Amino acid sequence: MRIFDPHIHMTSRTTDDYEAMYAAGVRAVVEPAFWLGQPRTSPASFFDYFDALLGWEPFRAAQYGIAHHCTIALNPKEANDPRCTPVLDELPRYLVKDGVVAVGEIGYDSMTPAEDHALAAQLQLAAEHGLPAMVHTPHRDKLTGLRRTIDVVRESALAPDRVLLDHLNETTVREAKDSGAWLGFSVYPDTKMDEDRMVAVLDEYGPEKVLVNSAADWGKSDPLKTRKVADAMLKAGFDEDAVDLVLWRNPVAFYGLSGRLDLDLTAPGALHEGNSILRGGE
Ligand SMILES: [Zn+2]
């Protein structure tokens with residue numbers, strides 16, 4: 001079984017996770033830029049983070065046989081902080097880089113005017129750079145947030161079929177599907193979707209344009225949730241082709257819209273800019 005986790009924050013995970021993910025079948029990941037759990041205090045903090053998503057983290061993933069790409073953006077939460085918003089002006093120099101396969105995660109957190117501005121501006125950047133957009137839908141007031149998100153997408157220069165609406169659930173899947181966007185589901189241990197609810201959604205709405213992710217980060221989460229959904233699908237009677245569609249071909253197709261997805265891991269070097277993953281090693 002081959003698995004592509006289209007939304008996982010590996011920067012906050014360990015090498016044990018990489019090993020376990022590889023053993024479970026994960027061969028590719030996309031790591032969206034997000035907030036750090038505490039506020040950043042300047043744009044420079046974003047730049048070091050973006051550089052790590054483009055350099056060190058793909059190097060680390062490659063040591064474990066996993067292809068790593070990222071999405072770059074000002075995240076919805078920090079779109080409200082005037083100390084951070086100048087990063088919007090610097091995004092173009094990152095969006096031209098090879099490892100960037102979408103603009104994201106963008107979208108709404110508290111649905112403020114500042115978030116309206118950042119979302120519209122970044123959809124425009126995606127259109128200008130020929131990139132798809134990975135859009136986070138809010139965790140509170142989900143349906144209102146989804147509708148407002150779809151309205152902003154419709155008003156943008158980016159076609160809905162170049163947009164992934166993420167963190168969907170039973171209350172938002174119908175309208176998200178009708179919008180023509182790709183459908184993302186984050187499967188967490190306690191909240192959001194679990195494996196069985198995910199299988200029920202797939203039963204009702206079909207596997208077309210559906211992507212399943214673990215969204216694993218430094219919070220309580222499980223980087224093997226993708227595999228657990230695949231196993232639950234098989235147990236529920238889906239065939240291997242449907243599993244491969246959801247867990248591999250759909251994310252490849254969506255991020256492939258960037259024209260930059262490169263899943264060939266040609267023997268990674270042991271050093272990244274002179275540094276290895278071996279503490280105190282050569
Ligand atoms: Zn995320």
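## Strand E4 and its partners

Strand E4 is joined to strand E5 (residues 133-136) by four bridges, and the two strands run parallel. This arrangement belongs to a predicted model. Within the pairing, Ile106 has Val135 of E5 as its bridge partner. On another pairing of E4, three bridges connect it to strand E3 (residues 67-72), again in parallel. Here Thr71 stands opposite Ala102 of E4.

How many of the residues of strand E4 are buried? The strand covers residues 100-107, and eight of its eight residues are buried, so that E4 is described as mostly covered. Glu105 lies in this strand. A cis peptide bond joins Gly104 and Glu105, with omega at about -10°.

E4 is part of an open sheet of eight strands, arranged in the order E1-E2-E3-E4-E5-E6-E7-E8 with parallel pairing. The edges are formed by strand E1 (3-5) and strand E8 (210-213), each of which pairs on one side only. On average, neighbouring strands of the sheet are turned by 25° against each other, direction ignored. In general, the strands of a sheet pair through backbone hydrogen bonds.

Gly184 has Leu211 of E8 as its bridge partner. In a regular strand, side chains alternate between the two faces of the sheet. Strand E8 is covered on both faces: Val210 and Val212 are buried on one side, and Leu211 and Asn213 are buried on the other.

## Helix H9 and its surroundings

The buried residues of helix H9 are Lys225, Thr226, Arg227, Val229, Ala230, Ala232 and Met233. Which elements do these buried residues pack against? They pack against strands E1, E2 (26-32) and E8, and against helices H1 (15-24), H8 and H10 (240-256). After H9 comes Gly237, which has a positive phi, near 105°.

## Two helix contacts of H9

Two packed helices are described by the angle between their axes and the distance between the axes. Helix H8 (residues 195-205) packs against helix H9 (residues 225-235) at an angle of about 55°, and their axes are 9 Å apart. The two helices are therefore oblique to each other. H8 passes H9 in a right-handed crossing. On the side of H8, the contact is made by Glu195, Asp196, Met198, Val199 and Leu202; on the side of H9, it is made by Lys228, Val229, Ala232 and Met233. The residues of this contact divide into six nonpolar, no polar and three charged.

The axes of H9 and H10 come within 10 Å and cross at roughly 155°. Why do H9 and H10 count as roughly antiparallel? An angle over 145 degrees counts as roughly antiparallel, and the angle between H9 and H10 therefore makes them so. The crossing of H9 and H10 is right-handed. H9 contributes Thr226, Ala230, Met233 and Leu234 to the contact, and H10 contributes Ala242, Val243 and Leu247. The residues of this contact divide into six nonpolar, one polar and no charged.

## Residues in the loops

Most residues other than glycine have a negative phi. Met111, in the loop between E4 and helix H5 (113-129), has a positive phi near 60°. Met111 has 17 C-beta neighbours inside 10 Å, and therefore counts as partly exposed. Asp141 is found in the loop between E5 and H6, and its phi is also positive, near 50°. Is Asp141 buried or exposed? Asp141 is exposed, because 12 other C-beta atoms lie within 10 Å, and a residue with 12 or fewer counts as exposed.

Ala157 lies in the loop between helix H6 (142-155) and strand E6 (163-166). Ala157 counts as exposed because it has 11 C-beta neighbours inside 10 Å. Leaving aside residues up to four places away in sequence, Ala157 touches Gln124 and Ala127. Ala157 and Leu125 are 32 residues apart in sequence, and their C-alpha atoms are 9.3 Å apart in space.

Terms used
Residues numbered from 1 in each chain as written. Predicted model: local features only at pLDDT ≥ 70, side-chain atom pairs only at ≥ 80, totals over all residues. Pairing = 2+ DSSP bridges. Axes fitted to C-alpha atoms, helices over the stretch in contact; angles between N-to-C directions. Parallel < 35°, antiparallel > 145°, perpendicular 65-115°, else oblique. Left-handed = near helix turned anticlockwise from the far one by under 90°. Contact = placed C-beta atoms within 7 Å. Nonpolar A, V, L, I, M, F, W, Y, C, P; charged D, E, K, R; others polar. Buried ≥ 20, exposed ≤ 12 C-beta atoms within 10 Å, placed from the backbone.
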